[in-house]
Amino acid sequence: MKKFLLAVAAVVLGSASVQAADLAANYTKAPMMATAYNWTGFYVGGNVGGQWGSADPTTSTIWTPTGYFDASSVPAINTVGAQRVNSSSVTGGFTAGYNWQVNHALLGLEGDINYFGFKGSASGSALYPCCAPTGFTVSSSVSADWLATIRGRIGFLAAPTWLLYATGGAAIAEVKGNFNFTDTFSAASESAAIRDTRLGWTAGVGTEYAFGGGWSLKAEYLYVDLGRASATSTNLTSFAGGTANPSNVYTHSVDLKSNIVRVGVNYKFGGPVVARY
């Protein structure tokens, strides 16, 4: 009887051992909590890059029976006065914005202010059709020291830390133009200046990569169009300033367009990650 009970106990213990081994073999460790970058939040940063652009300063006048110019002179002045200025420079400044991430999409609002460095000049001369060999010279210069933009951003996440986006909005800059007309017929002269804080538009594309701790790197292209500013003058004088000719109204204008390529670094405040399993 004792032998029988010992045999039964051995069978039971052996079965329990097999079941315990099966449980150990089939046991799977609970998944660890992982993290994923979340783009939502306020951020600040800086950028540096280059701009290349152009402006089309113009100087034109009109003919009047009581004016200084012969009728054939006005078209010649207006032709020479249609000029072009090209500019390229380093640009850089500061950025701030806010992002909202919705699944794999991103909406944002961003503003920046930058040193712009647009600067250039042009000059042209011609003979008076009526009165060669005397002639005239038209000179102009254009500059814009700073540029600010306020833009929306819309993009999608190619990966949790890799953003591709399009951007567009308002561009603001103080555009300055200086104009001068002189001739050799009677030492005539005229001058004017434009100082206009222009509200234009900008649009572009970019990419941004988050690499941890709230930091991200970006590369961006923007096209900027500040529109046209204009001014008139009636200060033409002739015979070395001895005679005023207010009936010869001059119109001066300037527009400015630029391309900007830049790279930047941003820092996002708040929790940069969300938990997921």
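The legends below accompany an overview and several close-up views of a predicted model.

**Figure 1. Overview of the predicted chain and its secondary structure.** The model is a prediction, and its chain contains two helices and 13 strands. Of the 277 residues in the chain, 40% are buried. When contacts between residues at least 6 apart in sequence are considered, 74% of them join residues at least 24 apart. The chain has an accessible surface of about 14,200 Å², and carbon and sulfur atoms account for 67% of that area.

**Figure 2. Confidence along the chain, with views of residues 1-34 and residues 272-277.** The mean pLDDT of the chain is 88, with 85% of the residues at 70 or more. Across residues 1-34 the pLDDT falls below 50, and this stretch has seven contacts in the model beyond near neighbours in sequence. Residues 272-277 also have a pLDDT under 50, and for them the model has 20 contacts beyond four places in sequence.

**Figure 3. Close-up of the disulfide between Cys130 and Cys131.** The structure holds one disulfide, which links Cys130 to Cys131 with an S to S distance of 2.3 Å. The torsion about the S-S bond is about -95°, and the disulfide is therefore left-handed.

**Figure 4. Close-up of the largest cavity and the residues that line it.** One cavity of 30 Å³ or more is counted in the model, and the largest cavity holds about 60 Å³ of space. Its lining includes the aromatic residues Tyr37, Trp39 and Tyr43. Also lining the largest cavity are Asn99, Arg153, Glu208, Ser216, Asn266 and Lys268.

Figure 5. Val175 lies in strand β7, which spans residues 162-183. With a relative accessibility of 2%, Val175 counts as buried, because that value is under 20%. Beyond its neighbours within four places in sequence, Val175 is in contact with Val142, Ser143, Ile194, Arg195, Asp196, Arg198, Leu226, Val254 and Leu256. For one of these residues, Val142, the separation from Val175 is 33 residues in sequence, while the C-alpha to C-alpha distance between Val142 and Val175 is 7.3 Å.

Terms used. Residues are numbered from 1 along each chain as its sequence is written. This is a predicted model: local features need pLDDT of at least 70, side-chain atom pairs count only at pLDDT 80 or more; totals for chains, interfaces and linings use all residues. Side-chain values use heavy atoms; hydrogens and water are left out. pLDDT is the predictor's confidence in each residue, from 0 to 100. Contact means heavy atoms within 4.5 Å. A disulfide is a pair of cysteine sulfur atoms within 2.5 Å. Helices (H or I, at least four residues) and strands (E, at least two) are DSSP runs, numbered from the N terminus. Buried means under 20% relative accessible area, exposed over 50%, partly exposed in between (1.4 Å probe, protein chains only). Accessible areas come from the Shrake-Rupley method with a 1.4 Å probe; for residues, only the protein chains shown count as cover. On a 1 Å grid over the protein atoms alone, a cavity is a set of points where a 1.4 Å probe fits but cannot get out, and a pocket is an open set with protein on both sides within 12 Å along at least five of seven lines; lining residues have an atom within 4 Å of a point. Grid points are joined across faces, edges and corners, and a volume is the space filled by probe spheres set on the points.
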